[in-house]
Amino acid sequence: MTELVRQASFDPKVLSIKINIYRVAKNSKLMNSLIDAVHNGKSVTVVVELQARFDEEANIEWSKVLTEAGVQVIFGAPGLKIHSKLLLISRREDDDIVRYAHIGTGNFHEKTARIYTDFALLTADQELTTEVRNVFGYIENPYRPVKFNHLMVSPRNSRSQ
């Protein structure tokens with residue numbers, strides 16, 4: 001995962017990177033790759049959860065570093081804890097924009113990734129990547145109506161699913 005973001009940060013065909021951050025390492029290669037991406041002309045959006053148990057202070061510090069580097073930092077909607085682990089990379093391929101999504105159960109924390117077993121899906125499926133894109137839109141504007149057919153997004157549809 002870290003290598004995917006690193007490569008995307010230098011890929012001239014990558015237009016944008018969006019990611020949800022719940023926990024990351026203190027000296028995170030991932031976060032440094034996001035900063036590199038901005039310096040390489042990509043649009044980078046990072047949703048940072050400030051209520052990540054035990055990592056609040058680290059997330060606040062990373063938010064400052066990212067903002068100073070030119071990353072668009074979003075803290076989510078008041079009253080909602082964002083615990084998703086999503087990544088969306090938009091890349092120009094021929095005359096199209098192809099999106100790649102990573103949907104995972106684990107945090108993007110390089111140290112704990114060696115301890116825990118997590119599951120992840122890396123996909124370019126248009127229906128799924130559109131829904132991941134809509135999750136980011138929902139976080140930025142939680143009052144906009146949005147429907148999810150494949151993803152369970154709390155509080156939108158998790159109870160009914």
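Entry 1: I began at V46, which, setting aside neighbours within four places in sequence, is in contact with I19, I21, L34, L66, V71, Q72, V73 and I74; contact means heavy atoms within 4.5 Å.

**Entry 2: what I am looking at.** This is a predicted model, where local features need pLDDT of at least 70, side-chain atom pairs count only at pLDDT 80 or more, and totals for chains, interfaces and linings use all residues. Residues are numbered from 1 along each chain as its sequence is written, and side-chain values use heavy atoms, with hydrogens and water left out.

**Entry 3: the cores.** Next I looked up the largest nonpolar core, and found 23 residues, among which I17, L34 and V46 touch the most other members. Such a core is a set of buried Ala, Val, Leu, Ile, Met, Phe, Trp, Tyr and Cys residues joined through side-chain atoms within 4.5 Å; buried means under 20% relative accessible area with a 1.4 Å probe, protein chains only. Two or more residues each come from α1 (2-10), β1 (14-21), α2 (29-39), β2 (43-48), α3 (56-69) and β4 (85-93). The largest share, six residues, is from α2. I also noted a second, separate core of 16 residues, including I82, L88, V135 and V153.

**Entry 4: the whole chain.** I counted four helices and six strands, taken as DSSP runs (helices H or I, at least four residues; strands E, at least two) numbered from the N terminus. Along the sequence they run α-β-α-β-α-β-β-β-β-α. Of the 161 residues, 43% count as buried. Among contacts with a separation of 6 or more, 62% join residues 24 or more positions apart.

Definitions and conventions. Buried < 20%, exposed > 50% of the residue type's maximum accessible area, 1.4 Å probe, protein only.
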